[in-house]
Amino acid sequence: MSIEAVKKIGFKTLGCRLNQFETDALASKFVNHGFKVVEDSKNTDVFIVNTCTITNQSDQKSRYAINQAIKKGHEGMLIITGCMANHHKEALEAQYPNAYVIDNNLKSSIPELVSAHFNKEIIPSGQMTGGVFNFDPASETFHTRSMVKIQDGCDNFCTYCIIPRVRGRAVSRPVNDILENIQQVVAFGYKEVVITGVNISRYNDNGLNFSQLIRKIVELPIEFRLRISSIEPDGFDDDFFEALKHPKVTPHLHLCLQSGSEQILLQMRRMYTLKAYKAIVEKVRSFNPLFNITSDVIVGFPGESEADFQDSLDAVTELKFGHVHTFKYSKREETRAARMTSVVPEKVKTNRSKQLREVADLAKLNYRKQFIGLQQTVLVESMDEDGWAKGYGEHYVPVKFKSDTAQKNTFHVIHIEDIDTSQEDEPVLIGKLA
Ligand code: SF4
């Protein structure tokens, strides 16, 4: 059977936007080879689980996704890839002997593997082309926004993080490939581009740094808006702050804080102090007071005292975060933090996590309320039966408005009038066409 004869493929993606980009790129490639992407794993010829391993919970969720595919009766080719495939390769191969377990750096060659499988051939992994940037621009994706990968890997070795071991050292995609990719996805019809990677602020293509890359991207003579994905608060120069002022760059950064305690940041081996972090936020908000800063905070890192935790709570309020992902510290073997002995009991972690979420939800509500009376340019992602169009404004805050005519992937300028707080942890701005 040739690859073209195989029709149905399903995906389950866990983890970050980088993984989502890689799934999108693979799905698009399979569609170009005549595959149909379907939701239900039961009736697929190929099912790909693109796993995440950043926490123990991510491992559990990834395993659950694999088991669900098997339980639902998936009988075709099962492929397990993503960071967990690197981190727990042998265990996964032993547990799922009929599955293909494919490393991240060979993920881009999965279509070759599938083709060979249906031709009753086997490609040894040493003969797969692979390559962490060897993905085509995705024309069909699972998202309204198009993700574009600019970088992979990390050289930081934060003491709690397994990612440098599973994604390898930092590598940057050549600038011309990135510019070409963006031009292609905009030509496909995407109106918003999200640049993504593991540690994108360390982008460096033969001396061309992150700020210079942003400058080149926004100078492309095409219409789109640019979103900078998750970024480390480290290595910013004045050019970066200048680039953020460009009208194509959306006023939102997911700036990873991890802790509000200086001593915990040191123990984590983060590359900045809380003071430096605050200076970045201040600078950004000096030219745009509503600039949305969202973040990640870990609670219960080894040695985190009540006072350290209070510092995190204070930082969330003081920095007026638009959203916080709260993580309970989870021990990853093979990291330095795994050898730290002053472990915070699970019950304390759970309690701190709950407290932090409450403080973060209040900060989020207060942040979002500031938009009442203002305008947002909303990229519509969905319409429901009651006539509500939903999407995100440039600040990456969800907005809904009534419209009979709005369509997915179109921009609308919306005057914000109210806020819907029925979903406590996700208040949505309500507006009408301006
Ligand atoms: S910066 Fe730190 S937390 Fe982020 S991927 Fe690198 S090692 Fe992990």
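## Model and domains

Which domains does the domain assignment of the chain give? The assignment, which is automatic or taken from a database, gives domain 1 (3–127), domain 2 (146–369) and domain 3 (375–433). The C-alpha centres of domain 1 and domain 3 lie 34 Å apart.

The model is predicted: local features need pLDDT of at least 70, side-chain atom pairs count only at pLDDT 80 or more, and totals for chains, interfaces and linings use all residues. Residues are numbered from 1 along each chain as its sequence is written.

## Overall form

The chain comes to 13 helices and 21 strands; helices (H or I, at least four residues) and strands (E, at least two) are DSSP runs, numbered from the N terminus. The radius of gyration of the chain, taken over C-alpha atoms, is 22 Å, close to the 22 Å from the globule rule for 434 residues, so the chain is as compact as a globular protein of that length. That rule is 2.2 Å times the number of residues to the power 0.38.

Along the principal axes, the C-alpha atoms fill a box of roughly 60 × 60 × 45 Å. Of the 434 residues, 45% count as buried, meaning that 20 or more other C-beta atoms, placed from the backbone, lie within 10 Å of the residue's own.

## The five-stranded barrel

Five strands close into a barrel in the order β17-β18-β19-β21-β20, with mixed pairing; two strands pair if DSSP finds at least two bridges between them. The twist averages 55 degrees from one strand to the next, with axes as lines fitted to C-alpha atoms and angles running from 0 to 180 degrees between N-to-C directions.

Strands β17 (residues 375–383) and β18 (residues 388–392) are antiparallel over four bridges, and S382 has K390 in β18 as its bridge partner. Their hairpin has four residues between the strands, and G387 in the turn has a positive phi of about 90 degrees. Five bridges join β18 to the antiparallel β19 (residues 398–402), where W388 stands opposite K402. The hairpin of β18 and β19 has five residues between the strands, and Y396 takes a positive phi near 65 degrees. Strands β20 (residues 411–420) and β21 (residues 428–433) pair in the antiparallel sense over six bridges; L429 in β21 is the bridge partner of I419.

## Ligand surroundings

The residues around the ligand are C154, N156, F157, C158, C161, I163, P164, V198, N199 and E232, a residue being near if its C-beta atom, placed from the backbone, lies within 6 Å. This shell divides into seven nonpolar, two polar and one charged. Ala, Val, Leu, Ile, Met, Phe, Trp, Tyr, Cys and Pro count as nonpolar, Asp, Glu, Lys and Arg as charged, and the others, Gly among them, as polar.

Definitions and conventions. A residue is buried if 20 or more other C-beta atoms lie within 10 Å of its own, exposed if 12 or fewer, and partly exposed in between; C-beta atoms are placed from the backbone.
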